[in-house]
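Here's a structure to explore together. Have a look at it first, and then we'll walk through it step by step.

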Amino acid sequence: MSERVGFIGLGAMGAPMARNLLRAGHEVVAFTRNADVLAELAAEGAETGAGPADVAARTDVVVTMLPTSPVVAEVVAGPGGVLEGARPGSLVVDMSTIDPSVSRSLAATARERGVGMLDAPVSGGDVGARQGTLSIMVGGEPSDFERARPVFEALGKTIVHVGPHGAGQVVKACNQVVVGITYAAVSEALVLGSKAGVDPALILDVLSGGLAANRIMEVRRRNFLEHDFTPGFKIDLHHKDLTIALEAGGENGVPLPLTAAVQQMFRALRAHGRGDLDHSALLTLIEDMADHRIGSG
Ligand code: NAD
């Protein structure tokens, strides 16, 4: 018999993920702060919970998909949180991107109450969330990983247990380093080529056929060319993720000079009021520096 699944946090990622669980036949009890989104999910077959503790009391496995470390800590271990409603034997699967040290400490708190916990952040973006093709990197006990597998299989295609508590978040930080630096590289290339007089669409066409090919040029092609920066993945969140990566670099004695530069670029974009835009809007910072909008001749 499949386990009842709680789902907390129905944003750009959480809402389509919860829908995929419903589609796969799971019974879902959902909660988020936005009442309209919760009502939409209810119309599509989810039960709704009154809050995190209520969701946990009515389910076996609780998934959280929330923005930041403090929010996850509050929703899992704060007053009225998941651990208040969970029973010994419950499992909490945090799929948010947060600080690995917070994941480890929440797992220890959960364990004291007989509750299992996994950190299971994802990559693949809003597109992967909708299509059920996310990559899922999981830290925690192997037996909890196996227990959560049916949930993961409804959400993603590449599902890998990468190590103990916190290891999933470390791998996600590695992912965000590559993605952030790639956005910066593509942005610099587009502004250079365009200001030198070449059509940016042609630059993307030809680079996509060679060694410089990457998924970002493919999935964000239209966004770059049309300057449509509707998120997607917000600059605020990528700034948070690179801050986590730099922190992990500090803890492990690993210099991350390129990551630091891109984190500062995201910080500059936030200072310009662009934190709510998609991270492809990193392009606009390079455009500002060059005083050139790509495709403007
Ligand atoms: P989002 O801001 O769109 O959604 C966050 C959701 O959490 C919202 O529905 C909000 O109402 C809810 N929420 C916030 N505080 C809450 C609380 N106290 N109680 C209950 N609900 C609360 O964020 P998102 O883009 O869905 O990202 C969620 C997580 O996934 C983040 O950690 C992000 O870094 C990570 N992530 C996002 C993407 C992406 O492309 N958007 C990709 C991979 C990973």
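**Around the ligand**

Let's begin with the ligand, which has 24 residues around it, the closest being A12, M13, P67, T97 and K240. Keep in mind as you look around that this is a predicted model.

What kinds of residues make up the shell around the ligand? Sort them by type and you get twelve nonpolar, seven polar and five charged.

Now zoom in on the oxygen atoms of the ligand. One has a backbone N or O atom of G11 at 3.1 Å. For L10, it's again a polar backbone atom, this time 3.4 Å from an oxygen atom of the ligand. With K234 the side chain takes part: one of its polar atoms sits 3.3 Å from a ligand oxygen.

How much of the ligand does the protein bury? On its own the ligand would expose 840 Å², and 88% of that is buried by the protein. If you'd like to trace the shell through the fold, look for α4 (69-77), α7 (125-131) and α13 (235-252): these are the elements that each supply two or more residues to it.

To find V160, follow strand β9, which covers residues 156-163. Is V160 buried, partly exposed or exposed? Its relative accessibility is 40%, so V160 counts as partly exposed, since that label covers what falls between under 20% for buried and over 50% for exposed.

Methods:
Residues numbered from 1 in each chain as written. Predicted model: local features only at pLDDT ≥ 70, side-chain atom pairs only at ≥ 80, totals over all residues. Heavy atoms only, no water. Near = heavy atom within 4 Å. Polar contact = N/O pair within 3.5 Å; in protein donor to acceptor, adjacent residues only side chain to side chain. Areas by Shrake-Rupley, 256 points an atom, 1.4 Å probe, with all protein chains shown as cover. Helix = DSSP H or I, 4+ residues; strand = E, 2+ residues; numbered from the N terminus. Nonpolar A, V, L, I, M, F, W, Y, C, P; charged D, E, K, R; others polar. Buried < 20%, exposed > 50% of the residue type's maximum accessible area, 1.4 Å probe, protein only.
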